[in-house]
Amino acid sequence: MNACVCGALLTDHANEGSPITYDAGTGKYRLEASLDIVVEDMRCLMCGGQGIGVRDRMCACGTVERWAAAEDSPVYRNEHNGLLMLKGRERSDGLTPHYAIWYCPVCGGRMDEAAYVDEV
Ligand SMILES: [Zn+2]
Ligand SMILES: [Zn+2]
């Protein structure tokens with residue numbers, strides 16, 4: 001299974017503030033959003049390894065919802081559009097990047113988007 005087919009992982013992990021790191025030894029991407037939220041060998045949040053907008057496989061593991069339900073979690077639901085979001089790390093310019101979670105980083109399934117208003 002591909003970790004990413006859209007190329008976002010390739011560029012994202014190098015950006016300051018990104019919670020994603022790349023291990024050249026194993027060729028795997030690792031997500032570490034907090035002490036509790038760590039995914040070894042993650043799937044791309046943008047494409048899930050399926051492709052942008054592809055809905056062939058939906059998330060069945062529920063991991064992201066579990067993260068969002070935890071207190072003080074870097075994962076939260078955007079109350080305006082219903083998207084699940086991931087907060088990155090604060091950069092040296094004081095800004096913190098936020099990422100929309102279109103696909104589950106654990107199973108690569110498309111997130112349930114019943115609540116989403118529109119895609120950006
Ligand atoms: Zn991707
Ligand atoms: Zn999942």
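## Fold, sheet and core of a predicted model

The protein has two helices and six strands. The structure is a predicted model. Read from the N terminus, the elements follow the order α-β-β-β-α-β-β-β.

**Overall dimensions.** Along the principal axes, the C-alpha atoms occupy a box of roughly 35 × 35 × 25 Å. A compact globule of 120 residues would have a radius of gyration near 14 Å, and the 13 Å of the protein therefore agrees with that expectation. Buried residues make up 28% of the 120. Of the contacts between residues at least 6 apart in sequence, 57% link residues at least 24 apart.

**The three-stranded sheet.** Strands β1, β2 and β3 form an open sheet in the order β1-β2-β3, and the pairing is antiparallel. Because β1 and β3 (38-39) stand at the edges with a single partner strand each, one side of each has no neighbour in the sheet. Strands in a sheet are paired by backbone hydrogen bonds, in a parallel or antiparallel sense. Strand β1 covers residues 20-23 and is joined to β2 by four bridges, while two bridges connect β2 to β3. The hairpin of β1 and β2 has four residues between the strands, and Gly27 in this hairpin adopts a positive phi near 75°. One bridge partner is listed below for each of the two strand pairs.

| Residue | Bridge partner | Strand of the partner |
|---|---|---|
| Thr21 | Arg30 | β2 |
| Leu31 | Val39 | β3 |

**The nonpolar core.** The largest nonpolar core contains 25 residues, and Cys44, Leu45, Val64, Ile101, Tyr103 and Met111 have the most contacts inside it. At least two residues of this core come from each of β2 (28-32), α2 (63-69) and β5 (84-87). Leaving aside residues up to four places away in sequence, Leu45 is in contact with Leu86, Tyr99, Ile101, Trp102, Tyr103 and Pro105.

**Met46.** Met46 lies in the loop between β3 and α2. Met46 counts as buried because it has 20 C-beta neighbours inside 10 Å, and the cut-off for a buried residue is 20 or more. Between Met46 and Ser92 the C-alpha to C-alpha distance is 25 Å, with a sequence separation of 46 residues.

Technical notes: Residues numbered from 1 in each chain as written. Chains lettered and ligands numbered in written order. Predicted model: local features only at pLDDT ≥ 70, side-chain atom pairs only at ≥ 80, totals over all residues. Core = buried A, V, L, I, M, F, W, Y, C linked by C-beta atoms within 7 Å. Buried ≥ 20, exposed ≤ 12 C-beta atoms within 10 Å, placed from the backbone. Contact = placed C-beta atoms within 7 Å. Pairing = 2+ DSSP bridges. Rg over C-alpha atoms; globule rule 2.2 N^0.38 Å.
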